[in-house]
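Here is a short report on one protein chain. Keep the structure in view as you read.

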Amino acid sequence: MTSSAQILDTALQIAERSGWERLRLFDVAATLGVGLDEVARRYRDKDALVEAWFDRADSAMLARARDAGLAVLTPAGRLEELLVVWLAALAPHRRLTAEMLCYKLEPGHVHLQALGLMRISRTVQWWREAAGRTNSHLSRIGEECALSTVYLCTFSHWLRHRREDEAALRAYLRRRLYSLPLAWLLRP
């Protein structure tokens, strides 16, 4: 029996050669030697593979949150570390990740765009939780809005600067995290 992880990994391998646009689920099934029904049992459509790819990054971030060393960092330090781990999980397929996002943003994919907004919200929520953020009410709302902006800016920056090293990425992210009003919200 083929696992969800095998299907996703195979799809990523094929798409690295063909591009996300040209990825066909019947090619994934044929490569794995299974029927298309086996792929459909795990993934309802091609976008479900995209969601599973981002779920992997979320899982890597949440796994890093278990590290006791994270607790000694400042709130901004925890957020920085966790987002860098999230991006590192996507790094093996960075170009393909950008193609996935372009696929979601196509004019005819309004339904995928709506799901994309929900994905951003879900990832930012897990990012806050993993960092141990406890703000509530208006402070939480302000922090979520600011962190959503930081997340989107940093993710876009990361996608555009493929040759940038981790130190430069962290410096970029720190500037976003320590900007006002976010610095006020993230005070220990």
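## A buried pair of charges

Start inside the fold. Arginine 128 and glutamate 144 are both buried. This is a predicted model. The two residues form a salt bridge, with their closest N and O atoms 3.8 Å apart. The pair links distant parts of the chain. Arginine 128 sits in helix α7, and glutamate 144 sits in helix α8, 16 residues apart.

How buried is glutamate 144? Its relative accessibility is 16%. The cut-off for buried is under 20%, so glutamate 144 counts as buried.

Is arginine 140 buried, partly exposed or exposed? Arginine 140 is partly exposed, with a relative accessible area of 28%.

Side chains of opposite charge can pair when their charged atoms come close. How many salt bridges does the structure hold? The count is 22.

One of them joins the side chains of arginine 95 and glutamate 16, at 3.0 Å from N to O. Arginine 95 is in helix α6, while glutamate 16 is in helix α1 (residues 4–18). The pair therefore ties together parts that are 79 residues apart in sequence. Arginine 95 is partly exposed at 30% relative accessible area. Glutamate 16 is partly exposed too, at 29%.

Salt bridges can also join into a network. Such a network links Asp47, Glu51, Asp55, Asp58, Lys104, Arg119 and Arg122.

## The whole chain

Now step back. How many helices and strands does the chain have? There are 10 helices and 0 strands. From the N terminus on, the order of elements is α-α-α-α-α-α-α-α-α-α. The radius of gyration is 18 Å, close to the 16 Å that the globule rule gives for 188 residues. The chain is therefore as compact as a globular protein of that length.

The C-alpha trace spans about 55 × 40 × 35 Å along its principal axes. Of the 188 residues, 44% are buried.

## Helix α6 and its cover

Which residues of α6 are buried? They are Arg94, Leu96, Thr97, Ala98, Met100, Tyr103 and Lys104.

## Threonine 123

Return to helix α7, which runs over residues 110–130 and holds threonine 123. Threonine 123 has a relative accessible area of 1%. The cut-off for buried is under 20%, so threonine 123 is buried.

What does threonine 123 touch, leaving aside its neighbours within four places in sequence? Its contacts are Asp58, Met61, Trp86 and Tyr151.

## The largest pocket

Rolling a probe the size of a water molecule over the atoms shows where empty space is left. In this model, the largest pocket holds about 300 Å³ of space. Its lining has 15 residues. Nearest its centre lie Leu101, Gly116, Ile120, Leu152 and Phe155. The elements that give two or more residues to this lining are α6 (94–104), α7 and α8 (137–160).

Which element gives the most to the lining? It is α7, with 6 residues. By type, the lining divides into 10 nonpolar, 3 polar and 2 charged residues.

Most residues other than glycine have a negative phi. Histidine 137 has a positive phi, near 55°. This residue lies in helix α8.

Is histidine 137 buried or exposed? Histidine 137 is exposed, because its relative accessible area is 64% and the cut-off for exposed is over 50%.

Notes. Residues are numbered from 1 along each chain as its sequence is written. This is a predicted model: local features need pLDDT of at least 70, side-chain atom pairs count only at pLDDT 80 or more; totals for chains, interfaces and linings use all residues. Side-chain values use heavy atoms; hydrogens and water are left out. Helices (H or I, at least four residues) and strands (E, at least two) are DSSP runs, numbered from the N terminus. Buried means under 20% relative accessible area, exposed over 50%, partly exposed in between (1.4 Å probe, protein chains only). Contact means heavy atoms within 4.5 Å. On a 1 Å grid over the protein atoms alone, a cavity is a set of points where a 1.4 Å probe fits but cannot get out, and a pocket is an open set with protein on both sides within 12 Å along at least five of seven lines; lining residues have an atom within 4 Å of a point. Grid points are joined across faces, edges and corners, and a volume is the space filled by probe spheres set on the points. Ala, Val, Leu, Ile, Met, Phe, Trp, Tyr, Cys and Pro count as nonpolar, Asp, Glu, Lys and Arg as charged, and the others, Gly among them, as polar. A salt bridge is a side-chain nitrogen of Lys or Arg within 4 Å of a carboxyl oxygen of Asp or Glu. The radius of gyration is taken over C-alpha atoms; the globule rule is 2.2 Å times the number of residues to the power 0.38.
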